[in-house]
Structure formats: C-alpha cells, structure tokens
Amino acid sequence: MSLQGFTIRVVVVLLIFVVGAFLGAYRGLPFFSGSPGIDGITNPAATLDPQSASATNNEGASSQSESSVVALGRLQPKGKTITVASPSGASDARIASLLLDEGDRVTTGQTVAELDSLPSLQLAVASALVNISAKEAALAQARATVAVNLAEAKASRDRALAAVQLARQALERERSLSQGGASSRSTLQSAEASLAQSMSDLAKADASIVRYQSAAGTLQPDIAVAERNLDLAKAELAAARDNLGKGVVISPISGTVIAINSRPGERPASAGIMTLGDTGHMQVELEVYQTDIRRIATGQTVSISSPALSQDLEGSVTLIGHEVEQQTVLSADPAANTDARVVRVTADLDFRSSSLAARLTGLEVVGRVAVGKDHE
C-alpha cells in the first residue's frame, strides 16, 4: 500500500469517529448519562429520589407529594407567647423584686413582680383610709350638732311663743287701763315694745328650726357638706387603690414563665419584664407555600420532626391563615428560596406531644401534613 493510500484511510477513520461522537452527544448515548442532551432531555438516571428531597425546595417554604405537604415551622404555646410589661403610668419605676423565675407556673391575676414605687403608693392608700375615718367622724359630729341645735331651736321657740302670749296679754291689759285713765301712755308703749321683742324672738326661733331641720327630700346643709366631704375622701381612696396597681405587675393569663427579660434594679426593658405562654397546650405554626395551601384543610393530621426532638410529635390542623406573607422560617439549604410566599397554618399538638414540646418554644421544625389524594 502506498503512503498516500494509508493517509487517506486514516483521515476517513478520524472523520467517522468525530461524526459518531457528535451524533452520540446529540442523541444522549449511555456514556453521556446524567448530562442533558442538546435537545434538553435529561437521562432518567440523573433524576433525584423524591424521598431524599429537602423540606424546602427551590420553589419556596414547602414541598408536596401525593399524600403530604411538607413545610417549615416553629413550636409555640397555644395563643402564642405574651410579653408582660410594666403597668400603664408606672413612669420610670424600676423593678424591686421578681416573685417568679423561669419555668414557674402562674395563674391569671397573680402578682409576678413589684416595682420600687409600690411603698409610696401603699402609703397613699393608708393616708386615704385615715382621711376617710376623719371625714366619717366629721359627719357624725355634724349630725350630732344639728340634732342638738335643732332641739335648742325648738325650745327657744317654745319660750318665745310663751313670751309673746304674755306680752300680748300685758298689752291688752295696759290698753284697757289706759282707756280708763288708770295707766300712763309710757306704760302702754312699754307693753307694746315687749310684745314686739317677743315676736322678734319667736321669728328667730322659727328661723333656727328651719336652719337645722331638713326640708322635704333634702339633707340639712351642714350634714350634706359633711357627706360630700366623705364622698370625696372615698373617691381619693379609690384613686389611691387604683394607683396601687401601678406598683405591681399582674399576670394576664395562666401559663408558664418562659423567659425573664428584666431583673431587679432595672427599668423594664422594651422586651417587657417576662414572657409567658400556655405551654401545657402547645401548637406548631407552619409556613405552607402558597401553591400548596389549597391542599390543606382543618382536621388533617400533622407530624412534626426535628433533630432536637427525641421522637416525632403529632397534632391536627386547627387554623388556616387568610394572608399570604413572606417566609420567615428558613431552611439550612443555601439553595433554598428565601423570598417565598407562604400562608401560616396552625396545628394543635396532642397531650403527649405538648408535654414533649413544653420546654422548646420557638424550636424550628419540619411539619408533614397528611392531605391525601382527595385534596389534590
């Protein structure tokens, strides 16, 4: 074979190999498995197992299969947590003492802390009580005084009335004597003056009786003033007792102290004095991706898992939110969508699960809602 013929054969073989390689890449031959072909078709061997997918896919906060919707969420007490702040009007009062610690149980209306303004507020209440006692004594004195004065006025009227009758009889006698010339004019004038004086004394006695006697439907003025002063003292006591509430911190719910946010000697922080929650009844709040929410219904069973839990928790859906919000619970997957749109779904945990979750408020978990194919 000549050198020229050999060269031609080598070129032909190389051309065949290049064309074959090109066609293999185009058609997705086995030695290119796991890589997309030019036509965009991916070999099935490269597809991920759905069971190994993360709870947060690259779409958002939840992923779905035929029988369940998976979403991220947090554990929380039923009704969520409550921040207990200092009472309104406490001004710059500081915490004098805390009566509870983290983990303690508390009942509605129980005092959980005292402020340093409490002693002065208690003193104001004591002062108001003493003032009431003084006003009550003044009222009793006014009633006694009015009764005595009224009795004296009635006695004075009786004397004045008797004096008037005597003076009138004396005047009539002097007039009779004067007509017979047996009495002088000056004696007659003196009898007339005595009658006028007796009439004046009678009028004064009548006025005193009116002064100390209650009119129909009204109180005697001195007693009325004393009673109004007592009413004012009672109002001051009520205000002092109301202000007393500004020196103590009262629990608005029954539950457990989850966290202490401020300590004795400090002004209550913006985060409040303490955080309370009903940890005896725990819930999970899931953030379900907006396209999955149509598959969620109340009553569906929810399974909760987390590396922090010794076993899975169980519950059921009790509330489905009415607002689409931005996701707040994020997956550890760096490829997860951090701007997903979600709907909050609340599930109550059963008694066993609530006991296990009682000390884990705020724990991030993965929830699987059993939806079934009928909710597709």
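In the predicted model, the side chains of Ser 305 and Arg 368 are joined by a polar contact of 3.3 Å. Ser 305 belongs to strand S9, which comprises residues 301-305. The relative accessibility of Ser 305 is 18%, and this residue therefore counts as buried, the cut-off for that class being under 20%.

Strand S12 spans residues 364-370 and pairs with strand S2, formed by residues 68-84. The pairing of S2 with S12 is antiparallel and extends over seven bridges. Within this pairing, Val 365 of S12 is the residue that stands opposite Gly 73. Strand S2 also pairs with strand S8, which covers residues 274-289. Here too the sense is antiparallel, with 10 bridges between S2 and S8. In this second pairing, Met 274 of S8 is found opposite Val 84.

Among the helices, H2 (residues 118-179) and H4 (residues 221-244) make a contact in which their axes come within 8 Å. The two axes cross at roughly 165°. Because angles over 145 degrees count as roughly antiparallel, H2 and H4 are assigned to that class relative to each other. The crossing by which H2 passes H4 is left-handed. The residues of this contact between H2 and H4 comprise 18 that are nonpolar, eight that are charged and four that are polar.

Technical notes: Residues numbered from 1 in each chain as written. Predicted model: local features only at pLDDT ≥ 70, side-chain atom pairs only at ≥ 80, totals over all residues. Heavy atoms only, no water. Pairing = 2+ DSSP bridges. Helix = DSSP H or I, 4+ residues; strand = E, 2+ residues; numbered from the N terminus. Axes fitted to C-alpha atoms, helices over the stretch in contact; angles between N-to-C directions. Parallel < 35°, antiparallel > 145°, perpendicular 65-115°, else oblique. Left-handed = near helix turned anticlockwise from the far one by under 90°. Nonpolar A, V, L, I, M, F, W, Y, C, P; charged D, E, K, R; others polar. Buried < 20%, exposed > 50% of the residue type's maximum accessible area, 1.4 Å probe, protein only. Polar contact = N/O pair within 3.5 Å; in protein donor to acceptor, adjacent residues only side chain to side chain.
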